[in-house]
Amino acid sequence: MKIPFVSFKAMEQELNADIRNAFERVFENSWYIGGKEDEAFEKAFADYCNVKYCVGTGNGLDALVLLLKAFGIGEGDEVIVPSNTFIATALAVTYVGATPVFVEPFLETFNINPEKIVKKITSKTKAIIPVHLYGQPCDMDTIMDIAKSHKLYVIEDCAQAHGATYKGKVVGSFGDAAGFSFYPGKNLGALGDAGAIVTNNEEIANKVRALGNYGSDYKYHHIYKGNNSRLDELQAAFLLAKLPHMNRMNEERRRIADRYLSEIKNPNVILPTIIDDVVPVWHIFGVRCGERDRLEKYLNEHGIGTNKHYPIPMHLQECYRDLGIEKGEFPIAEEISNTELSLPMYYGMSDDEIGYVVEILNCY
Ligand SMILES: *Cc1c(COP(=O)(O)O)cnc(C)c1O
């Protein structure tokens, strides 16, 4: 049996007509940036996230960059980010001229450890960016308490967690604002690059919209030195077509994860831990294994696609050499980089396919 790490086939087949209709609508309308589809998607996604405002952006990285700028974060400021995340979280901080300060995650959940946040707060700290990594929400009550007592902004990085809940509330509605990515592989994916911010803060929403539109509040009037990062009308139409199906597709990912969690029984394979009060959306199903590369080779040889999230922690990336962080300073992030292996996880995996992954893993 051949099982890819990810496949869009089932989604594409089911939504074929909806996607084509979305394209037709935009093409008929002959309006390609900032039109009806954009407006409708922003409204639908704000409603979905239970917040007042959503502003589309060109991608998820820009969503975070524009939010940091809107909150006035820049040179001389520090922003706390997890030591284990996709590089975009840290790059967003770097792009606005601030310094990313890494905080270790829990090895068991892969998510940022709030106790360790407190130790990294200085007089320069302006914000925390918790990342709901792999689709599991962070411990938001504790993070919000810390932020309140130290007067820090919280910008949630929800790029991997569309629709995940913590104590019954969807992520993106806890912090001062949140950034989302609609990169095709994300739980809500466009057919190209796309992103958005959500917030209850009207001023921040307006500022992000202006900053992503050449700093313009109305045509040819520029209040900020902004850039160009808007959500395409076509991508908005695709996202609007896909949004009503997202909960069902996330539910299917949970069904796959539940089977992995209950049926994978191999002392060499450590399963992820889920904290109380959360409903994850399993953007990634990551296990850990001491001999990760050997396990990966074994699975690949049996036709099972895998991936690593992420093979090099940020503090050891070439681009962050200037931070002068030595190997060994973030042992948990390094341990995750060395041991994490992501199993196939996508809408449309059949029972037989899930069973095959389980069987092959249990024979390792
Ligand atoms: C994908 C991702 C981003 C960036 O999103 P893009 O749309 O690719 O720019 C940011 N943070 C995390 C955690 C991500 O997984």
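**Spaces and the ligand**

Mentor: Start inside this predicted model. The second largest cavity is lined by Thr 109, Phe 110, Leu 133, Tyr 134, Gln 136, Pro 272, Thr 273, Ile 274, Pro 280, Trp 282, Ile 284 and Gly 286. Its volume is about 80 Å³.

Trainee: Why is this space called a cavity?

Mentor: A space is called a cavity because a 1.4 Å probe fits there but cannot get out. Two cavities of 30 Å³ or more are counted by this rule.

Trainee: What makes the lining of the second largest cavity count as having no charged residues?

Mentor: Asp, Glu, Lys and Arg count as charged. The lining of the second largest cavity divides into eight nonpolar and four polar residues, with no charged ones. Gly 286 is in that lining, and Gly counts as polar by the rule.

Trainee: Which residues are closest to the centre of the largest cavity?

Mentor: The largest cavity holds about 210 Å³ of space. Of its 19 lining residues, Met 11, Lys 186, Asn 187, Arg 253 and Tyr 347 are closest to the centre. By class, the lining has 10 nonpolar, six polar and three charged residues. Helix α8, residues 233–263, gives the most, with six residues.

Trainee: Now the ligand. How do you know that the ligand sits in the second largest pocket?

Mentor: More than half of a molecule's atoms must lie within 2 Å of the pocket's grid points. The ligand is placed in the second largest pocket, so it passes that test.

Trainee: What is the volume of the second largest pocket, and what lines it?

Mentor: The volume is about 560 Å³. The lining has 30 residues, and Gln 160, Tyr 183, Lys 186, His 283 and Tyr 310 lie nearest the centre. Two or more lining residues come from each of α3, α4 and β8 (177–181). The classes are 15 nonpolar, 11 polar and four charged.

Trainee: Which residues come nearest to the ligand itself?

Mentor: There are 13 residues around the ligand, and Gly 60, Asp 157, Gln 160, Ser 181 and Lys 186 come nearest. That shell has five nonpolar, six polar and two charged residues.

Trainee: What about the backbone at Gly 60 and Leu 61?

Mentor: A polar backbone atom of Gly 60 is 2.7 Å from a ligand oxygen. For Leu 61, a backbone N or O atom lies 2.9 Å from an oxygen of the ligand. The ligand exposes 380 Å² when taken alone, and the protein buries 91% of that.

Trainee: Where does the lining of the largest pocket come from?

Mentor: The largest pocket has about 660 Å³ of space. Its lining has 27 residues, with Gly 34, Arg 209, Asn 213, Ser 216 and Arg 230 closest to its centre. At least two residues each come from α2 (36–49), β1 (53–57), α7 (202–211) and β10 (216–218). The largest share is five residues, from α7. The lining divides into 10 nonpolar, nine polar and eight charged residues.

Conventions
Residues numbered from 1 in each chain as written. Predicted model: local features only at pLDDT ≥ 70, side-chain atom pairs only at ≥ 80, totals over all residues. Heavy atoms only, no water. Near = heavy atom within 4 Å. Polar contact = N/O pair within 3.5 Å; in protein donor to acceptor, adjacent residues only side chain to side chain. Areas by Shrake-Rupley, 256 points an atom, 1.4 Å probe, with all protein chains shown as cover. 1 Å grid on protein atoms, 1.4 Å probe; cavity = no way out; pocket = protein on both sides within 12 Å on 5 of 7 lines; lining within 4 Å. Points joined across faces, edges and corners; volume = space filled by probe spheres on them. Helix = DSSP H or I, 4+ residues; strand = E, 2+ residues; numbered from the N terminus.
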